[in-house]
Amino acid sequence: MPAVQETVERVKSIDVDQYKYGFVTDIESDKAPKGLDESTVRFISAKKGEPEWMLEWRLEAFRRWKTMQEPTWARVNYPKIDYQDLYYYAAPKQKKGPESLDEVDPEILKTYEKLGIPLREQEMLAGVQKSKIAVDAVFDSVSVVTTFKDELKKAGVIFSSMSDAIREHPDLVKQYLGSVVPITDNFFATLNSAVFSDGSFVYVPKGVRCPMELSTYFRMNEKNTGQFERTLIIADEGAYVSYLEGCTAPTRDENQLHAAVVELIALKDAEIKYSTVQNWYPGDAQGKGGVYNFVTKRGDCRGENSKISWTQVETGSAITWKYPSCILRGDNSSGEFYSIAISNGYQQVDSGTKMIHLGKNTTSRIISKGIAAGNSDNTYRGLVSANRRASGARNFTNCDSLLIGDKCGAHTVPYIEAKNSSAVFEHEATTSKISEDMLFYCMQRGLSQEDAVALVVNGFVKDVLQHLPMEFAVEAQKLIAISLEGSVG
Amino acid sequence: MNLLEVKNLHAEVVGKKILNGLSLTVEPGKVHAIMGPNGSGKSTLSYILAGKPGYEVTEGSVAFNGQNLLELPADERAAAGLFLAFQYPMEIPGVATMTFLRTALNSVRKQRGEAELSTPDFLRLVREKAADLKIDQEMLKRAVNVGFSGGEKKRNEILQMALLQPKLCVLDETDSGLDIDALKIVSDGVNKLRAPDRSFIVITHYQRLLNHIVPDVVHVMARGRIVKTGGAELARELEAKGYAAFEQAA
């Protein structure tokens, strides 16, 4: 049987991936009543002890949301979501916020241990990890612990849960929250604005280079619960920060909803590097279950010479709807988007970026690698635009798609709008199939078919992998191999 | 025992019959040349030996070292010691040649029950073999065969052959696309690998290559079978008379 044919057969018979993060943590949780109305919004705000202005902000978003329609332009299909059949808040039960790790429920600590996320600072320091990484761990709707807070504080860096930031740094939150993704932005972002529960907050002051990588680890545990996290990162003038998020969820038959909002603000001469390794549960081989991932991520290069760089490795979720974007407002600012999106089984990915050139001499770069296997559909959707006053704007885009088998689809939908005649936009795109000849060549040199596919795919995504922080590049490489395990014979 | 024993081999590709009762015996340490016109089935034979998908054997048998070769997948054939130097080596974008060589060597070693080579040992080995073929280190950093010249691709094939230490090397028109200097380098590389426990099947259109790699046995192939076998002098006779006379014999 020809190799590719065999591959297709294997995909049919195997579970989408041997998803190893599919376990459920047995823990009592504190939930808001099912469904969504104003009282739910009030409940969440009260649970978090929020000030009045925050509640008002949420309520305004909620009223707006009620008038909005779910978007339908993406190339994804899913049954209608009943927003009244969801829980909007779930928190591990405890009397008050934990003061130290010793007060965190051991079941939760065990969960992170199983996931390989280090939460104990001393273990991290004593352990094999070469570089220090500060972690904010978000479990369902709340942040359970943030590490290395004190050390970061010495450098003047604020790294905390969003809930803490609202209480402790209200001025910063008021000034920046919703300034990149306004509450009216889109259906899912508006929903998030009304009911967001937690997330991470980062502020790096003027001229400070954040002394370590910051990272947030999101875990969805509860059944029928939406996760709506909100992340806000501000790099003040001349500051630098590198941030990574990772995500997993248990294996469940029901679909889980995830609608997050991430806002990045880079002031003059500042740089933010944001990396994502997204591995939400993708559903089983028949396409049952899995996470619906509707995410709005946007960065604002507000000052001159600022830079924002998005790197994403997307392997999970039943549906991915996600377009990390850059608004290039400051003159000479630059935006980058590096993406690897892998779909297998019945996964549907509609992802890409928007590079909005407003300032003069702004530059952007897009490298997107889509890999489709099984019965999946993988779409790149991107917008590159230049405003009238964006003279000297430059963009380079490269979108490559790789198909494995003949039941999957790859689509590229680029939008290009230049209102300034001096803008130079370049677009390159290729679609290729893993050829039988290439696999045969590798196998003739002794590689198993699985190793041959992994080798070819790793070569395909190399340009993007090298933009991830080292530790995560290794993790991502493994994840890619696991995600494609079902697709090779 | 013979290294390779092909008996009455019939094979087809997408329903088209290419091999018609081909028989061939290769003893250890010997160099066999197979010559023949376009479309006589030479490349098909090499693909069937290496286990390329899509080539269907309808009759006959192939024994390699006493083992039924046809029931093994391609990677196991490679591990068993069969190497095919491709007429058109594939390009693998983004994969450094060095990485590819190392992955291949370690895969084969693993299947042969040998330990993986350490990085210093591997680098030493590659440097030594590459120098023999006048391959510079820069080339090994580039992606496999991407942007390589015809000569570089063929030298890269022989380098892989030298690293993997096969028992039977099948060279499919290795001389095509080579200038005289490259032909000399490649031939020297092959001659260096000649050993009492290693055999070669050299597939070519032209006598030219056989001036450098002197065969022990020459076969003429036409219409999917071997129609004449002789010594090195047979190649010269072919060069003088052309294939037409033999095609009629088939």
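1. In chain B, an open sheet is built from six strands in the order β6-β9-β10-β3-β11-β12, with mixed pairing; helices (H or I, at least four residues) and strands (E, at least two) are DSSP runs numbered from the N terminus, and two strands pair if DSSP finds at least two bridges between them. β6 (82–85) and β12 (225–230) of chain B are the edge strands, each pairing on one side only. Direction ignored, neighbouring strands of this sheet are turned against each other by 20 degrees on average; the axes are lines fitted to C-alpha atoms, for helices over the stretch in contact, and angles run from 0 to 180 degrees between N-to-C directions. β6(B) and strand β9 (residues 168–172) of chain B pair in the parallel sense over four bridges, and B:A85 stands opposite B:L171 in β9(B).

2. This is a predicted model, in which local features need pLDDT of at least 70, side-chain atom pairs count only at pLDDT 80 or more, and totals for chains, interfaces and linings use all residues. Residues are numbered from 1 along each chain as its sequence is written, while chains are lettered from A and ligands numbered from 1 in the order in which they are written.

3. Where pLDDT is low, the predicted coordinates should not be read in detail.

4. Chain A has twelve helices and 23 strands. Residues 24 or more positions apart account for 84% of the contacts in chain A with a separation of 6 or more.

5. The largest nonpolar core has 196 residues, and those with the most contacts inside it are A:V202, A:A235, A:V241 and A:V457. Such a core is a set of buried Ala, Val, Leu, Ile, Met, Phe, Trp, Tyr and Cys residues joined through C-beta atoms within 7 Å. α11(A) gives the most to this core, with ten residues. Beyond four places in sequence, the contacts of A:A235 include A:V204, A:Y240, A:V241 and A:I272.

6. Helix α9 (residues 187–195) of chain A is mostly covered, with eight of its nine residues buried. Its buried residues pack against α2 (38–47), α3 (52–66), β8 (230–235), β11 (261–266) and β13 (290–301) of chain A.

7. A:A373 lies in the loop between β19 (363–372) and β20 (377–386) of chain A. A:A373 counts as buried because it has 29 C-beta neighbours inside 10 Å.

8. The contact between the chains takes 19 residues from chain A and 23 residues from chain B. On the side of chain A that touches chain B, α10 (436–444) and α11 (449–465) of chain A are the elements that give two or more residues, and α10(A) gives the most, with seven.

How values were computed. Two residues are in contact if their C-beta atoms, placed from the backbone, lie within 7 Å. A residue is buried if 20 or more other C-beta atoms lie within 10 Å of its own, exposed if 12 or fewer, and partly exposed in between; C-beta atoms are placed from the backbone.
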